[in-house]
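Trainee: I am new to this one. Could you show it to me and take me through it?

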Amino acid sequence: MQLGGIPPSVFISTPTSLDYTRYVNISYSALSPNNYDIVNYTIYLLNSTYGYIATLQANTTNKSYYWDRNAYGNGEYFVQIYATDNNTLMGFAISENFTLSSTTPNVTSLAEIPDPIVTGK
């Protein structure tokens, strides 16, 4: 039986607008203005134009997900997180855009470190 009400508000703490090389910590929470329990979260990966790419985690009660992005190419992405309450009301939020980059830094020069000076024998 649908009781009605306002869908949950979803809050995404991470990822933020940074560059990520391999692992991305996705953390989030939700609040029901009707005081309904949040029963699950689903995390989607979106491309830079908000197109669906993949479901990263479905129907979980965890409030964080440690994602190994190794299977996905470099570029700009978003995550979209849906929260469902025990009255089947759903709310969602979309993260800030973030960059996946597996490019290692380009080292152009190295400075030699001098031998340490020992004093006070």
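Predicted model: local features only at pLDDT ≥ 70, side-chain atom pairs only at ≥ 80, totals over all residues.

Trainee: How many helices and strands does the secondary structure come to?

Mentor: The protein has zero helices and nine strands. From the N terminus on, the order is β-β-β-β-β-β-β-β-β.

Trainee: What share of the residues is buried?

Mentor: Of the 121 residues in the protein, 31% are buried.

Trainee: Which residues form a nonpolar patch on the surface?

Mentor: The patch consists of Y50, F92 and I94, which together have about 310 Å² of accessible area. Y50 is found in the loop between strand 4 (38-47) and strand 5 (52-60).

Trainee: Why does Y50 count as partly exposed?

Mentor: Its relative accessible area is 49%.

Trainee: Changing topic, where is Y72?

Mentor: Y72 sits in the loop between strand 6 (64-68) and strand 7 (75-85). Y72 is also partly exposed, because its relative accessibility is 24%.

Trainee: What does Y72 touch?

Mentor: Leaving aside residues up to four places away in sequence, Y72 touches L45, I53, A54, L56, W67, Y77 and L100.

Trainee: How far apart are the C-alpha atoms of Y72 and I53?

Mentor: Those C-alpha atoms are separated by 9.7 Å, and the two residues are 19 residues apart along the chain.

Terms used:
Residues numbered from 1 in each chain as written. Heavy atoms only, no water. Helix = DSSP H or I, 4+ residues; strand = E, 2+ residues; numbered from the N terminus. Buried < 20%, exposed > 50% of the residue type's maximum accessible area, 1.4 Å probe, protein only. Patch = residues over 30% accessible without salt bridge, like charges linked within 9 Å, V, L, I, M, F, W, Y side chains within 5 Å. Areas by Shrake-Rupley, 256 points an atom, 1.4 Å probe, with all protein chains shown as cover. Salt bridge = Lys/Arg side-chain N within 4 Å of Asp/Glu carboxyl O. Contact = heavy atoms within 4.5 Å.
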